[in-house]
Amino acid sequence: MTDTPPRLGLRGISKRFPGVLANDDVSFDVAPGEIHALLGENGAGKSTLVKMIYGIMQPDAGTIAWNGQQVTIANPKAARKLGIGMVFQHFSLFEALTVLENIALGMDAKIPQRELEGKIREVMTRYGLKLEPSRQVSTLSVGERQRIEIVRALLLNPTLLIMDEPTSVLTPQEVEQLFVVLRQLAKDGCSILYISHKLHEIKALCDTATILRGGKLVDTCDPKVETSRSMAEKMIGGNLKTIQKPADRAFGKERFVVNELSMAGAGHFGVALKDISFSVRAGEIFGIAGVAGNGQTALLLALSGEETTHDAQAITIDGEPLGQLNAKARRLKGLASVPEERNGHASVPDFTLSDNSVLTGRDRLGLSVSGFLRPRAARKYTGEVIDAFAVKATGSEAMAGSLSGGNLQKYIMGREILQKPGVLVVGQPTWGVDAGAAAAIHQALVDLAAAGSAIVVISQDLDELLSLCDTLAVINEGRLSKPMKVSEADIEEIGLLMGGIHGDAEATRQAEEVHHHAA
Amino acid sequence: MSIEVLILTIITIVGISTPILLAGLGELVVEKAGVLNLGVEGMMLIGAIAGFATTVITGSPWLGMIGAAAAGALAALLFGFLVLALNSNQVATGLALTIFGTGLSSLIGLSFQGRIVAPFGSIFPPALSRDPFLKVLFGYSPIVYFALIMVVLVTWFLKSTRGGLILRAVGENDLSAHSIGYSVVGVRYAAIAFGGAMAGIGGAYFSLVITPMWAERMTAGRGWIALALVVFASWRAPRLLVGAYFFGLLMWLELYAKGGGLNGLPIIPAIPSQFWAAMPYLMTVVVLALISVRDRAGSNAPACLGKPFLTSN
């Protein structure tokens, strides 16, 4: 092993953007056939680093060696020529094109369509990746889309495959399938650079882990030896705060009841909601898990009041019917909501923070009186939110769009929480937010519940729901599973419920049976 | 309606459809690459005067057409520089291009007013092109056949070539195309230049084939109809051909209703010409509504249409 040069050797890589040093003197090696984790919080510089390895950006300083030879990777084409393949976190797919066309676009050599199709089938059978080449991408599930990216990368016979947060949108079963593929690739001699912040995955999959924090390399370690906690602390650079949740909390009376809520899907890709029923008690945090695109968006719109239903009794708060009320009226009744898209839906990027406060607080907080704004009251309230939630902003007059994702999310959550809503419905509360901000948001939700509010959290991040919620249900194709206590939840069962997406009704039925027996 | 009148009508409709077919085909390629150029009318006028001027100077309508294409492409590249290099707003810049083209063509046209040029000869022998019946197939200007060939070429290019696939990819998801390693800006410049050249030829069709002489604003808003036509055809070249002739029929009905007892037919006074003039736009709105009822995949609209391309680095 010692006399073979590393597949990839980075020495002193630095990259500066206006105002930030994204990578600061980063050096590490990736050996042939090694699965190497690149670990770090959002903004630690992982993406910038791999963009330089893949030739999308150029380092300001430092060298890249490929099999012992120093190289300059001018563009992605040059990277692919060397044998570097990449699977992006946000898929670089073309919705309106077919699987085959998408793959053809990623190929540098011009290959006749039939020959390409043959090669695709060969790669698919070798690694057990199922795909239909003539399908249009817009009709595929997220897991299938990722398979296109993987096939596209594998067709070039890469000797280094970069995977940027590949599991963030997959079900536990899909993750297992992916790991089987990756392990086989590594066995065939392909090195894998695996970017993630999910520590248990890294422990399960990777041989080595390089940890970045604030653009600097903090440690290169063996994840099989480290604990998740020790790696997380290196990643965050301090002691990890665990959520302070009083054990054995008693819940109050039912505050928020959804009773057989059905609704047609919004738009053409919208999923219809079918007979959704659940209830949330005072002090309870109710989680709704599921793979993206299974009706979460429709459910959030239905609960917030952006979409109303004819059945007034379908949604009630403290016994009062809300079904026919719009979002404004529901807010007055004490139901606040935070949509998942923070830039443009939960806030207006080109408005100041205090104007954004007026948008959801105008009635409950009296920020607008007989049609006139009360800017001073709005500024005061926004200042309180900024202080209470440690939002990094230049003040209440900062533009919402100028805040980082984590800070904007803290502001949005704070804006709703300080209104002391009886019921809070939140979508993806920590999507793309760094671990520090995520912990603060989680703690705020727990504290709000402890004060007697009922909280609904809709998220695709199962880890988040398991650590945050008291009760959990899974949404799949617009149907909600039976709620289960998180303390008694079985991850296998949740995975099966989530995985119903591929039309696998059998698995869903099985999972429900498992649940039945367990209950 | 006698057969002679029918043939004359068909020839008229094909004739008035050709400019919007040419300009629409160019704009279709531009929009497929994700750029919305609302300057079609302006580029057509620039093409019209450039083609006319070149023909007056050289005496050859063929060179005139080449001049029109070059001038249209040049005007389009000015637009391209503004929206691609300076990231200006595509809608505002396109409208400005139309205003600019209208003014510039009027200015240059001052010294060409009243001049007359020799029209295109037929590319077919008189036995075919003058035959009272066969002229329905052979009696057109060469540009009409050029437009038809271009429909086939554009269809084939977009559907079956790698270049076409890359162009569609750039219009569908510019950031992804960039990250794979394609030059988004380069592809868009090329598409914009092609669109300008086609609009220029479409404009010169007015000054070299239909009249043939120069008159201010002689394209009379057909650039806007070409824009509507692209949407009407839901960004598909074969449908654009059908749509162009359908819009041609509507434009012919407008002329017909306006009066003069076109082709010796009686006027239908009940329907005013303004109704027919509005029809292409109304039909486009109807098509848009129909598209939005169906799913997005069916609409075929490029996902990046009109959005500026901004990379983080």
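The model is a predicted one. The points below describe this patch, a pocket and a cavity.

**Nonpolar surface patch**
- The patch consists of Leu78(B), Phe81(B), Leu82(B), Leu86(B) and Phe100(B), which together have about 440 Å² of accessible area.
- Leu86(B) is found in the loop between H3 and helix H4 (90-109) of chain B.
- Leu86(B) counts as exposed because its relative accessible area is 52%, and exposed means over 50%.

**Second largest pocket**
- The second largest pocket holds about 940 Å³ of space.
- Its lining comprises 36 residues, and those nearest the centre are Glu101(A), Leu158(B), Lys159(B), Leu165(B) and Arg168(B).
- At least two lining residues each come from helix H3 (99-105) and helix H4 (113-127) of chain A, and from helix H7 (142-160), helix H8 (162-172) and helix H12 (237-258) of chain B.
- The lining includes 18 nonpolar, eight polar and 10 charged residues.

**Cavities**
- There are five cavities of 30 Å³ or more.
- The largest cavity has about 110 Å³ of space.
- It is lined by 13 residues, with Tyr54(A), Arg80(A), Met86(A), Glu149(A) and Arg152(A) closest to its centre.
- H5(A) provides the largest share of the lining of the largest cavity, three residues.
- By class, this lining has six nonpolar, four polar and three charged residues.

Definitions and conventions
Residues are numbered from 1 along each chain as its sequence is written. Chains are lettered from A and ligands numbered from 1 in the order in which they are written. This is a predicted model: local features need pLDDT of at least 70, side-chain atom pairs count only at pLDDT 80 or more; totals for chains, interfaces and linings use all residues. Side-chain values use heavy atoms; hydrogens and water are left out. Patches are made of residues with over 30% relative accessible area and no salt bridge: like charges are joined within 9 Å, nonpolar side chains (Val, Leu, Ile, Met, Phe, Trp, Tyr) within 5 Å. Accessible areas come from the Shrake-Rupley method with a 1.4 Å probe; for residues, only the protein chains shown count as cover. A salt bridge is a side-chain nitrogen of Lys or Arg within 4 Å of a carboxyl oxygen of Asp or Glu. Helices (H or I, at least four residues) and strands (E, at least two) are DSSP runs, numbered from the N terminus. Buried means under 20% relative accessible area, exposed over 50%, partly exposed in between (1.4 Å probe, protein chains only). On a 1 Å grid over the protein atoms alone, a cavity is a set of points where a 1.4 Å probe fits but cannot get out, and a pocket is an open set with protein on both sides within 12 Å along at least five of seven lines; lining residues have an atom within 4 Å of a point. Grid points are joined across faces, edges and corners, and a volume is the space filled by probe spheres set on the points. Ala, Val, Leu, Ile, Met, Phe, Trp, Tyr, Cys and Pro count as nonpolar, Asp, Glu, Lys and Arg as charged, and the others, Gly among them, as polar.
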